[in-house]
Amino acid sequence: MAGKENPRDIRTLIAQFRTSDNWMVGIARDLLWVAGVVGTIALILFLVCGTWPAVVTIESGSMTPNMNIGDLVVVVQKDRYGEFMTWEQGKQANVTRFNGYGDVIIYKPNGMTSVHPIIHRVVAYATTTTPLTEIRGEQLKENYTVAHDGYITWGDNNPIPDQFASYEGIGTPEPVKDGWIVGKALFTIPLVGYLPLHIVEVVIIVAVILILHEFYLQSRENERTGEAESRQKKAGKKN
């Protein structure tokens, strides 16, 4: 039928794209290969972790020394790979995460998507019916009553819980609702997180390397072609 492309023509175009010696086509092939590898890794991470993003980078010192700037954190669903625990539950069960009681969660403060998520430890669960009298084993000067049920969080290197502090662009974080939790930290990889922190520079470097590589291959091909032509000319003169 008119208007439909012949599958054979499509296969021919693909074959030409795969075997073309043009340096721009070569760069396009390399970029597609990189995109395919990155996409495959992202899909595997999503299937294994059950959440997105499946990895985040530590950008501040609020969790030092248990999580440091530049650490890459693998994030999983809240109830995946072990029971989810607050500081109080972890202490009762004598189970630690990242050298402390309670899971470390990644959450959207006040449900906001316009700011970076916060990565802090869950220390308690507060309800509107029961005022908190202590947090992380420390007696409060005044009982703390929440406006809605949610988790109280605290950076290991911070002097006070998030819900008692104020952050630029956020204000005071409210107790964390389940719907605000991106996931919990499963493990960290030191220093690898510096790559996404400098993603623009990394992309530029990769692009430059790919271009230089294609130029190198093209120059080698030109040299081989020139040598072959030179041998042919010499052979023709002898004949």
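This is a predicted model: local features need pLDDT of at least 70, side-chain atom pairs count only at pLDDT 80 or more; totals for chains, interfaces and linings use all residues.
Student: What makes the contact of D156 and R121 a salt bridge?

Tutor: The N to O distance between their side chains is 2.7 Å, and because the cut-off is within 4 Å for a nitrogen of Lys or Arg and a carboxyl oxygen of Asp or Glu, the pair of D156 and R121 qualifies. This pair links distant parts of the chain, with D156 in the loop between strand 9 and strand 10 and R121 in strand 6, 35 residues apart.

Student: Is R121 buried or exposed, and how do you know?

Tutor: R121 has a relative accessible area of 3%, which is under the 20% limit, and R121 is therefore buried. Its strand, strand 6 (residues 118-126), is mostly covered, with 8 of its 9 residues buried, and R121 is also the bridge partner of V104.

Student: How do you know that strand 6 pairs with strand 5 and strand 9?

Tutor: Pairing needs at least two bridges; strand 6 is joined to strand 5 (residues 104-107) by 4 bridges and to strand 9 (residues 150-154) by 5 bridges, so both pairings meet the criterion, and both run antiparallel.

Notes. Residues are numbered from 1 along each chain as its sequence is written. Side-chain values use heavy atoms; hydrogens and water are left out. Buried means under 20% relative accessible area, exposed over 50%, partly exposed in between (1.4 Å probe, protein chains only). Helices (H or I, at least four residues) and strands (E, at least two) are DSSP runs, numbered from the N terminus.
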